[in-house]
Amino acid sequence: MSHDYESVWLYRAKWLYLLTIVGILMLPVLYTLWISFNQNGFGAADYDFTLFWYGALFENDEIRVALGWTVLIALIVVAITVPMGVLAAKFYQRTRFKVPFVFLMLSPLFVPADITAAALLVYFKNLNALVDGLIGIELFDLGLWSAVVGQITWCLPYAFVVILVTMGRFRPEQTEAARTCGADAWQAFWQIEFPQIRPGVFSSCAFVVILSFNEYVRTNFLKGGFDTFPTYLVSYMLNTGMTPEVYAMAGLVSMVSMAAIALVLILALSRRAA
């Protein structure tokens with residue numbers, strides 16, 4: 001948003017600079033998308049637009065199953081991670097130990113993905129063996145929930161940061177005023193606080209969807225006997241090389257990420273217009 005004391009040309013120059021940087025960063029993604037719609041594949045002299053390779057993806061039973069698992073995990077991770085991010089951000093506002101708490105929340109980002117995944121794998125394996133020995137049931141065998149836990153450890157720090165940035169403009173005195181007027185804790189949050197942090201919550205949802213949909217290392221270690229879309233893509237690429245199907249799968253991942261961002265922008269702009 002520009003101000004009366006700011007030059008309109010400087011304001012436009014800032015937006016031009018931002019869009020230029022984003023455009024440069026997106027060039028490899030856009031190039032992959034361009035190739036994925038070429039019937040002749042990568043490096044062909046002629047370009048013939050087609051949706052054939054995307055249609056072939058959804059005719060593949062293995063890919064459809066992998067997509068189903070990916071979507072299911074993403075929905076569960078969003079449903080758990082975003083509320084946890086909101087609670088963590090609210091706790092940050094109230095605690096006196098802000099620096100240690102932020103360090104604790106961001107600590108998963110300092111550990112390499114393969115080390116985190118290996119540690120969680122060993123943890124679940126040992127915990128499963130312990131519980132199986134005590135009650136004879138494998139409660140913690142690798143599967144859907146172990147993959148969800150691995151993704152939550154990866155996504156939660158990002159959700160926390162995004163929501164915390166938005167929550168920085170909220171004043172706790174507004175909640176106290178609502179409570180003084182007779183609102184309970186939930187009403188004060190939902191009617192006073194949430195409308196002001198809504199853009200951060202929506203952005204956090206989009207961020208978590210993108211991270212979950214593209215996550216490979218932790219999921220590959222912890223998924224058990226099924227494949228998600230990223231693990232299938234990497235396995236397919238290693239076994240067959242860079243085929244037109246690989247570019248279509250990479251293009252699908254890119255379009256999901258861009259669609260999540262576009263949805264957040266549309267919701268934010270529609271709320272502002274309203």
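Does Thr-243 count as buried or exposed, and at what relative accessibility? Thr-243 counts as buried, at 17% relative accessibility (buried, under 20% relative accessible area; exposed, over 50%; 1.4 Å probe, protein chains only). The model is predicted: local features need pLDDT of at least 70, side-chain atom pairs count only at pLDDT 80 or more, and totals for chains, interfaces and linings use all residues. Residues are numbered from 1 along each chain as its sequence is written, and side-chain values use heavy atoms, without hydrogens and water.

Thr-243 sits in the loop between helix H10 (229-240) and helix H11 (244-273). Helices are DSSP runs (H or I, at least four residues), numbered from the N terminus. The side chain of Thr-243 makes a polar contact with that of Glu-245 (3.1 Å). Such a contact is a pair of N or O atoms within 3.5 Å, one able to donate a hydrogen and the other to accept it.

Helix H4 (residues 98-106) has the buried residues Phe-101, Met-105 and Leu-106. These cover an arc of only 125° around the axis, which puts them on the same side of H4. The arc is taken from the directions from the helix axis to the C-beta atoms. The buried residues pack against helix H3 (61-94) and helix H6 (144-167), with contact meaning heavy atoms within 4.5 Å. Val-99, Phe-103 and Leu-104 are exposed on the face of H4 turned away from its buried side.

How values were computed: Helix = DSSP H or I, 4+ residues; strand = E, 2+ residues; numbered from the N terminus.
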